[in-house]
Amino acid sequence: MEISDFTDISYEVDNGLAWIVIERPERYNAFRARTIDELIRAFKAAWADPAVGVVALTGAGEKAFCTGGDQKQRAETGDYGPTETGLFEVETLHRVIRDIPKPVIAAVNGYSIGGGHVLHMLCDITIAADHARFGQTGPKVGSFDAGFGTAYMARVIGEKRAREVWMFCRQYDAATALEWGLVNAVVPMAELRSTVRAWADESLALSPTALKVIKHSFNAASESDAGIGSVAFDALDLFVESPEAMEGNQAFNEKRPPDFGRFR
Ligand code: S0N
């Protein structure tokens with residue numbers, strides 16, 4: 001896939017900073033399988049390009065950063081749509097965000113929910129607009145990310161808070177996210193891009209080799225979370241086709257609360 005083939009995201013390099021933008025605002029920047037393929041391709045382009053020192057990930061518009069898997073696509077086809085390889089490569093995307101040897105900044109411009117919340121968490125730095133909202137919805141819509149989504153979250157915000165996020169599926173505002181250490185800074189939406197630019201410029205002045213080794217040394221401690229994630233995604237493959245998971249998906253699309261009572 002060439003960058004010129006992108007339909008779901010855009011990719012642009014500006015003075016050492018690569019901007020990767022999810023361009024599906026009508027779906028609150030939810031990802032389908034193609035979106036994931038394009039994101040992986042874009043991160044690899046930034047990895048390979050010596051002109052890029054920092055990567056920023058954001059969503060189009062001011063409503064959403066990313067709201068995870070596309071629940072309408074899931075209702076239409078039972079999956080997230082076709083891919084180049086035939087695989088739904090969300091784990092590969094997680095890997096590439098962690099492995100790219102350059103700082104990755106999430107610029108959270110609205111809702112960061114479900115699989116979209118996991119994406120911002122995996123970025124090295126998160127800068128949020130002051131209207132941003134954060135949360136997990138898996139147990140509401142019939143999915144889970146019980147790898148980095150749970151284990152890494154506990155490392156970031158602590159066990160009690162991570163369990164609260166997953167077991168109640170609440171939303172949290174940007175001020176709470178800052179207080180919890182879930183984000184590094186909160187700024188007005190109008191200053192989000194310029195703030196990311198300023199942070200990127202500070203990092204671009206530093207030794208790329210030192211940054212590479214530092215990033216990978218931070219990753220080393222949480223590598224076992226990837227193993228837990230593989231097991232969890234195996235389980236998710238089985239779960240998503242169950243009546244219980246489908247009830248969550250149907251309820252979202254029918255704009256009603258799910259009824260999980262019969263599965264207890
Ligand atoms: C973001 C929320 C909280 C916004 O609520 P609000 O403000 O009330 O707006 P809405 O009217 O709900 O939304 C506005 C429009 O945007 C559409 N939309 C929003 N989110 C999605 C989405 N994720 N997919 C498709 N469309 C979306 C709305 O439908 C609405 O459009 P209209 O007006 O046309 O009806 C709220 O929208 C919300 O809670 N969204 C859903 C968030 C969610 O549950 N995401 C999925 C969570 N799960 C995952 O991400 C896991 C996926 C995954 O990682 C996976 C990995 C491997 C293998 C399998 C899976 C798997 O799950 O199957």
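This is a predicted model: local features need pLDDT of at least 70, side-chain atom pairs count only at pLDDT 80 or more; totals for chains, interfaces and linings use all residues.
User: How should I read the packing of two helices, and at what angle do α3 and α11 pack here?

Analyst: In general, two packed helices are described by the angle between their axes and the distance between the axes. In this model, helix α3 (residues 90-99) and helix α11 (residues 224-239) pack at an angle of about 165°, and their axes lie 11 Å apart. Because angles over 145 degrees count as roughly antiparallel, α3 is roughly antiparallel to α11. The crossing of α3 and α11 is right-handed.

User: Which residues of α3 and α11 meet?

Analyst: From α3, the residues are V90, E91, H94 and R95, and they meet A226, G229, S230 and F233 of α11.

User: What should I look for in the phi values?

Analyst: As a general idea, most residues other than glycine have a negative phi. Here N15, a residue other than glycine, has a positive phi near 50°, and C169, also a residue other than glycine, has a positive phi near 50°.

User: Where do N15 and C169 lie?

Analyst: N15 is placed in the loop between β1 (9-14) and β2 (17-22), whereas C169 lies in the loop between α7 (159-168) and β9 (172-173).

User: Is N15 buried or exposed, and is C169 buried or exposed?

Analyst: N15 counts as exposed because its relative accessibility is 65%, with exposed meaning over 50%. C169, by contrast, counts as buried because its relative accessibility is 11%, with buried meaning under 20%.

Technical notes: Residues are numbered from 1 along each chain as its sequence is written. Side-chain values use heavy atoms; hydrogens and water are left out. Axes are lines fitted to C-alpha atoms, for helices over the stretch in contact, and angles run from 0 to 180 degrees between N-to-C directions. Helices (H or I, at least four residues) and strands (E, at least two) are DSSP runs, numbered from the N terminus. Angles under 35 degrees count as roughly parallel, over 145 as roughly antiparallel, 65 to 115 as roughly perpendicular and the rest as oblique. A crossing is left-handed if the near helix is turned anticlockwise from the far one by less than a right angle, and right-handed if clockwise. Contact means heavy atoms within 4.5 Å. Buried means under 20% relative accessible area, exposed over 50%, partly exposed in between (1.4 Å probe, protein chains only).
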